[in-house]
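Biologist: Hello! Could you walk me through this model and tell me what stands behind the words you use for it?

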Amino acid sequence: MKISLVRLSTKDLATLAQRIISNIQSGKYPVISNHPLTATLQNSYTEYDAVYTKQIYSGKGKDVATADFERDVAYNSLKAFLNGYRKLQSAPNYQSAEDLYSVFKTFGLDLDRLSYSSQTAKMEKPIEALECPENQQKIALLSLNTAFADMKTKHEAFETIFGEQAEANADLRQMTSASAIRRDLEKYLKTYLNLLTAMKDVTDWKLLYSDTNELVKAAKNSEVKRKEEKQE
């Protein structure tokens, strides 16, 4: 009963382990029912099954990128308007635009080019400055209340999704490595298959060996089929 467990796909390994365990628990083979190896194999599979379909990261990357893009658009739109309006000295309240644009200059005009975490930390400062009563009055004079509220809302939305991603990634890092869990399952499966191979000529073990061998063949065939599909 030979099979290279390391060559099996994540799904095929899980399927083989699940079928072997179901076979053990079927009650058809008293010789293996209370064997200490079966409990070890079951526990290893349970741990593997809990994590093998999980992503390495939180899966929130696209949501974070989208939220960051929307924040950048709101930030750049307001900044660009103020930059253009302040240059029109014939326009009403152009000085208010100049004063508000100076807030952006004070805290940096390229916040949108910073890393997620750096931008998040530094965006708080211009928002706080623009929220002061004096600047809020200037924002109202230029009818920019909605634009400012949109920038603030988009920033807060990013903070929320970014925080969720960081928390999810931290939880995943605390989990036992998926590769380590797989190696354990491979080890116990191999030990189990070796046990059956060693006992295959013993009367009470013959049927168990034969049935398990069919499960192993099915797993090997699945691997071959998967390779052929990749080559097509």
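Biologist: Which residues does L189 touch, and what makes that a contact?
Modeller: L189 touches L5, L13, A17, I20 and L41, leaving out residues up to four places away in sequence. A contact means heavy atoms within 4.5 Å. Please keep in mind that this is a predicted model, where local features need pLDDT of at least 70 and side-chain atom pairs count only at pLDDT 80 or more, while totals for chains, interfaces and linings use all residues. Residues are numbered from 1 along each chain as its sequence is written, and side-chain values use heavy atoms, with hydrogens and water left out.

Biologist: What makes a set of residues a nonpolar core?
Modeller: The set must consist of buried Ala, Val, Leu, Ile, Met, Phe, Trp, Tyr and Cys residues joined through side-chain atoms within 4.5 Å. The largest nonpolar core here has 30 residues, and I3, L16, I20, L41, L185, L189 and Y192 are those with the most contacts inside it. Two or more residues each come from helix 1 (10–24), helix 3 (36–51), helix 9 (178–198) and helix 10 (206–231). Helix 1 gives the most, with seven residues. A second, separate core has 20 residues, including Y75, L111, I127 and F148.

Biologist: Why is L144 called buried?
Modeller: Buried means under 20% relative accessible area (1.4 Å probe, protein chains only), exposed means over 50%, and partly exposed lies in between. L144 has a relative accessible area of 8%, so it counts as buried. This residue sits in the loop between helix 7 (133–141) and helix 8 (145–174). L144 touches L78, F81, L82 and I139, again not counting residues up to four places away in sequence. F81 is 63 residues from L144 in sequence, yet their C-alpha atoms are 9.6 Å apart in space.

Biologist: What share of the protein chain is buried?
Modeller: Of its 232 residues, 35% count as buried.

Definitions and conventions
Helix = DSSP H or I, 4+ residues; strand = E, 2+ residues; numbered from the N terminus.
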